Structures are given as structure tokens and as C-alpha cells.
Amino acid sequence: MSTEVNILTGVRPTGNLTIANYLGAVKPLLELQEKGEKPFLFVADLHAITDYEPHEVKKYIKELVADYLALGINPEKTTIYVQSAIKAEVMTLSIYLARLTTVAELLRVPTIKDKIKKGQKPESANALLFFYPVLMASDILIQKSKKIPVGEDQVAHLEVAKMLAERFNKKYGNFFTLPKVHQVKSLRILSLKGDSKMSKSLPEGAIFLTDTPAEAEKKLNKAQTAMDKQMTPSLESLVLIAKGLNSTEAEQKQIDEIIVQHKSGQQVMGQFKKLVIAIVKRFLQDFQAKRAEIVKNKKNIDSILENGAKVAIENARATLFEVEKHLYR
Ligand code: AMP
């Protein structure tokens with residue numbers, strides 16, 4: 001019998017993580033893990049080959065797992081597996097799901113429309129881009145997942161998953177629980193350079209978890225803050241960074257005090273930056289030390305992924321078996 005997974009989340013192994021990835025994606029998952037939600041976390045290597053060469057993606061899988069472990073993901077509380085470990089099951093289900101949607105519906109998925117608007121041409125974009133929502137629906141439904149923590153950009157994809165589950169249930173009998181968006185507090189960390197999002201595609205404005213503390217300090221020294229009394233999005237973003245990166249209660253109080261002083265016109269931005277720099281450097285040092293310990297024993301990562309794959313495969317096979325019973329009855 002397949003079982004329903006409470007929370008499922010995927011992450012693409014496409015490069016080094018930034019502190020915005022940690023704050024926006026990893027920290028909310030840690031909270032769910034600590035609440036005892038038993039989340040499933042999969043490394044979405046098949047999704048990543050939409051934009052990257054398979055051999056490049058493969059290189060990043062274990063790196064990403066090491067990052068997540070060093071950031072606090074605990075394999076005893078969170079099931080971690082690689083998407084391609086269940087590729088036969090996930091691809092088979094995606095075929096059954098694809099026939100429940102139409103070409104026109106997929107072309108209307110906002111993320112695809114948006115990419116096409118931004119310059120990806122249907123003539124040159126590979127067809128995996130088009131298939132992405134169906135594959136994502138399969139990732140979710142193969143584990144009979146109930147809640148998916150997604151940012152706004154992924155809500156439309158989740159709607160496709162829900163629609164496909166509904167159509168399946170209607171046509172072949174009730175089987176899937178409809179997956180729901182698990183609202184995570186929406187968080188937007190800005191680039192240190194100004195008002196676009198912090199992103200690995202703009203490296204000068206981003207702090208990577210692999211940056212040395214000295215590199216991070218250099219970037220933060222140049223970061224935008226605000227003129228006296230003003231509260232700008234850049235400053236707010238630095239406050240989120242300083243408060244979110246494991247600062248102590250005393251430091252958090254200090255940040256609040258500095259902001260009050262700033263709003264009253266005092267010149268405290270220098271003091272504020274010093275504090276942010278100290279917090280970020282300490283965070284990076286702690287992370288990098290933990291990660292170094294983890295990668296010393298690569299076998300450990302292998303066995304974590306093997307254990308996760310066992311759990312994921314067992315459930316995926318059971319789901320597929322039951323799906324086929326409905327389809328071919
Ligand atoms: P990406 O690596 O850009 O695909 O981002 C992966 C996830 O990290 C996103 O879905 C967000 O949850 C989180 N994330 C990335 N960039 C930011 C940002 N600037 N602010 C907040 N969260 C972010």
C-alpha cells in the first residue's frame with residue numbers, strides 16, 4: 001500500500017547556494033523538520049537537465065546534499081533522495097498524467113508563457129521546458145504528497161498537479177489526495193547591489209555559502225543601505241539577513257535599536273554594517289566547518305541517499321501499482 005507523504009519539496013542541483021536560498025528555502029524546511037512533519041526532500045536532477053548538461057548536474061548532486069546536511073537537514077527526520085533514483089516510476093506516471101492534459105493547457109501555464117515572453121522561443125526551447133509541469137505533478141503524486149512548500153513562482157505548477165489529480169480521480173476513481181500549497185512566509189532577499197532579487201546569476205550582489213568570510217565582508221562593505229531616516233528595501237533586506245542567519249537574541253535586540261536610531265536621524269549605518277558583517281561571517285564559518293566534516297566521509301552521503309531512495313522507491317512503486325490497477329481495470 002502506498003502512503004501519503006505529508007510534505008514534499010524538490011531542489012534543483014544547479015550550482016552553489018546563496019544565503020537567500022538558505023533563508024527562503026532551507027530554513028522553512030528546517031522548521032517543518034523540527035515540527036516533526038517528516039518531510040521528503042528530493043534532489044530534482046531530472047528537472048535540472050532542462051537547462052544544464054546531465055554530466056554537470058550529476059556533479060552537483062552530492063555537493064547539494066552536503067550543503068543541506070551542513071545547514072541542518074537531518075536524514076533521521078527528513079527523507080532525502082535523488083529524483084532519478086525513482087526515474088522509472090516517476091517517468092511512467094508522468095506519461096499517464098500527460099494524457100490527462102492538453103497541449104493548449106500546457107502552453108497556457110504562466111511560467112512557460114513567461115519564459116517564452118522573456119526570449120525562449122518555442123523553436124529553440126527544448127521540450128522539457130514544456131513538460132516541466134507534468135513532471136512536477138508526477139514528482140508530487142508519485143509520493144501521494146499532501147502539502148508542497150512553494151514560492152509564488154511555483155503556484156501555477158502546483159495548480160497543474162492538482163488539476164491532473166482531480167482529472168485522474170474523476171475518470172478512474174478516487175485515488176489521489178489533492179496536493180495543496182503549503183504557504184511559506186514569502187521572503188525576498190535583495191541583491192546587495194540594488195533592487196533585483198539576490199540570485200546566483202548576479203554573483204557580485206550575492207553571498208554564496210562558499211564565499212570566504214573575507215569575500216563576504218568585501219561584498220557587504222559595498223552593499224547599499226539607506227540615507228538617514230529612510231527605510232529602503234535594501235536596508236530591510238540586510239535586516240532580514242542579519243536576523244535570519246542565526247544571530248543571538250542580544251544581536252537581534254541591537255539590530256532593532258540601531259534601526260530605531262537610524263529612523264530618528266542618527267548616523268548608525270556604519271555600526272549596523274559592522275554587526276551584519278560579524279553575523280554573516282560567523283554563519284559562513286560555522287557552515288563551512290560543518291560541511292568540511294560532512295564531506296570528509298563521502299560514504300556517509302552515499303548511504304543517506306541509498307536509505308532515502310529505498311523509502312522513496314517503495315512508496316513510488318506502490319503508488320504506480322495502484323495507479324495502473326485503476327487504469328487497466
Ligand atoms: P533558485 O536557486 O533561484 O532556483 O531558488 C531556489 C529557492 O530559493 C527559491 O524557490 C526560493 O525559495 C529561494 N530563494 C532564492 N532566491 C531568493 C531570494 N532572493 N529571496 C528569498 N528566497 C530566495
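Visitor: Which residue lies over the face of Phe175?
Guide: Lys144 does, at 4.2 Å from the ring centre. A charge counts as over a ring if NZ of Lys or CZ of Arg is within 6 Å of the ring centre and within 35 degrees of the ring normal. This is a predicted model: local features need pLDDT of at least 70, side-chain atom pairs need 80 or more, and totals for chains, interfaces and linings use all residues. Numbering starts from 1 along each chain as its sequence is written, and side-chain values use heavy atoms, without hydrogens or water.

Visitor: What cluster is Phe175 in?
Guide: Ring pairs join Phe175 with Phe168, Tyr172 and Phe176. Rings of Phe, Tyr and Trp (its six-membered ring) pair if their centres lie within 6.5 Å; planes under 30 degrees apart are stacked, over 60 edge-to-face, the rest tilted.

Visitor: How many aromatic pairs in the whole structure?
Guide: Eight. In one, Phe40 and Tyr81 have ring centres 6.0 Å apart and planes at 75°, so they sit edge-to-face.

Visitor: And how is Phe42 placed against Tyr81?
Guide: Stacked, with 5.8 Å between centres and 25° between planes.

Visitor: Switching to cores. Which residues touch the most other members in the largest nonpolar one?
Guide: Tyr68, Ile241, Leu245, Phe272 and Val280, out of 56 residues. A nonpolar core is a set of buried (under 20% relative accessible area, 1.4 Å probe, protein chains only) Ala, Val, Leu, Ile, Met, Phe, Trp, Tyr and Cys residues joined through side-chain atoms within 4.5 Å.

How values were computed: Buried means under 20% relative accessible area, exposed over 50%, partly exposed in between (1.4 Å probe, protein chains only).
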